[in-house]
Amino acid sequence: MRGTDLPAHHRAWTWQSGRDPHDLVLAEQPVAAPRPGEVLVRNAVIGLNPVDWKVLGSDTWRPGKVPGCDGAGIVIAVGADVPGAWLGQRVAYHAWLGGQGSFAETTPVAARALLPVPAGLDLEVAASVPCPGLTAWLALGKLPTEPGSLLVAGAGGGVGTYLVQLAIRAGWKVTAQCHPRHHDRLVAQGAAVLPWNAELPRAAHAAAIDLRGPEAAAGLFPHLRANGHLVCIQGRVGGWGGEAFARCISLHEVALGALHVHGDARDWHALRRAAAGIFDDLETGRLAPEPVVARDFECLPAHLRALRDRDFSGKALIRA
């Protein structure tokens, strides 16, 4: 292990039991040196995402686990087989939900998952990107190369923010369905908007991306054209929908966690390149980030619960 002088201990929000964010316990833990293939990141900002409260208390968790998947900070140590050039670098990352996560002052991160942050990009913006921005990029990658009419259902959150902008830049004609409080922002980005409960025209879209859940996604089948595409992000639909070999709808699912378990070097290279493009576009103003709502480290459980309960609009961040 190579690195700067490491702290002997750090503070971490740990899971002991329960499924409510307020069940998280603040603990002081020893700081472990990074293993081969890892670096240690001193977190400056932690990104909160809906998946963080949805997975609390998963069956495989053991007491003492540190949750959280997104963060940004400075590399302070590297494993034996990781280039020393990473030391001192500003990075963001998406961590594997099955490992030690970002809800801590330091986090071990697989070197392949490191996303270098440009000097001109604030770490708060960088921490807000990995889960929503890269999920949006993966979702668009499921669609045909020839753009058409795209429905983004549930477009008001972070994934929708990036999906709408990236899809319009790729030539898609985007209709965003969401709560009216998001309409002005999405219209400014170039989308047509509909209220979340609006009646949709039948067979009108070449593709739909659902950000709400499996039951809502299943309701989108009638609104897709022949050979259309349905992309599910918040859960897969229970059945294919419609008569076999009639309109021939293609189904897709998207989850960043798949790369942590099944991704190879080529997959990670593509993901890092996509992140670099998003960071560059944010730095130069070609992409607009989701407005941030930041709180202090001690407020993490309350802020995560507020995210769960939709008590505010914007990207939830924690300053570490």
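The following legends describe close-up views of a predicted model.

View 1. The side chain of Cys232 takes part in no disulfide. Its nearest cysteine sulfur belongs to Cys131, at a distance of 16 Å. Because a disulfide requires two cysteine sulfur atoms within 2.5 Å, the count for the model is 0 disulfides. Cys232 is buried, its relative accessible area being 3%.

View 2. Cys248 is partly exposed, with a relative accessibility of 36%.

**View 3. Packing of helix H3 against helix H8.** Helix H3 spans residues 130-141 and helix H8 spans residues 265-284. The two helices pack with their axes 10 Å apart, at an angle of about 115°. H3 is therefore roughly perpendicular to H8. The crossing of H3 past H8 is right-handed.

**View 4. Residues at the contact of H3 with H8.** From H3, the contact involves Gly133, Leu134 and Trp137. H8 contributes Ala270, Leu271, Ala274, Ala275 and Ile278. By class, the residues of this contact comprise 7 nonpolar and 1 polar, with no charged residue.

Terms used
Residues are numbered from 1 along each chain as its sequence is written. This is a predicted model: local features need pLDDT of at least 70, side-chain atom pairs count only at pLDDT 80 or more; totals for chains, interfaces and linings use all residues. Side-chain values use heavy atoms; hydrogens and water are left out. Buried means under 20% relative accessible area, exposed over 50%, partly exposed in between (1.4 Å probe, protein chains only). Axes are lines fitted to C-alpha atoms, for helices over the stretch in contact, and angles run from 0 to 180 degrees between N-to-C directions. Helices (H or I, at least four residues) and strands (E, at least two) are DSSP runs, numbered from the N terminus. Angles under 35 degrees count as roughly parallel, over 145 as roughly antiparallel, 65 to 115 as roughly perpendicular and the rest as oblique. A crossing is left-handed if the near helix is turned anticlockwise from the far one by less than a right angle, and right-handed if clockwise. Contact means heavy atoms within 4.5 Å. Ala, Val, Leu, Ile, Met, Phe, Trp, Tyr, Cys and Pro count as nonpolar, Asp, Glu, Lys and Arg as charged, and the others, Gly among them, as polar.
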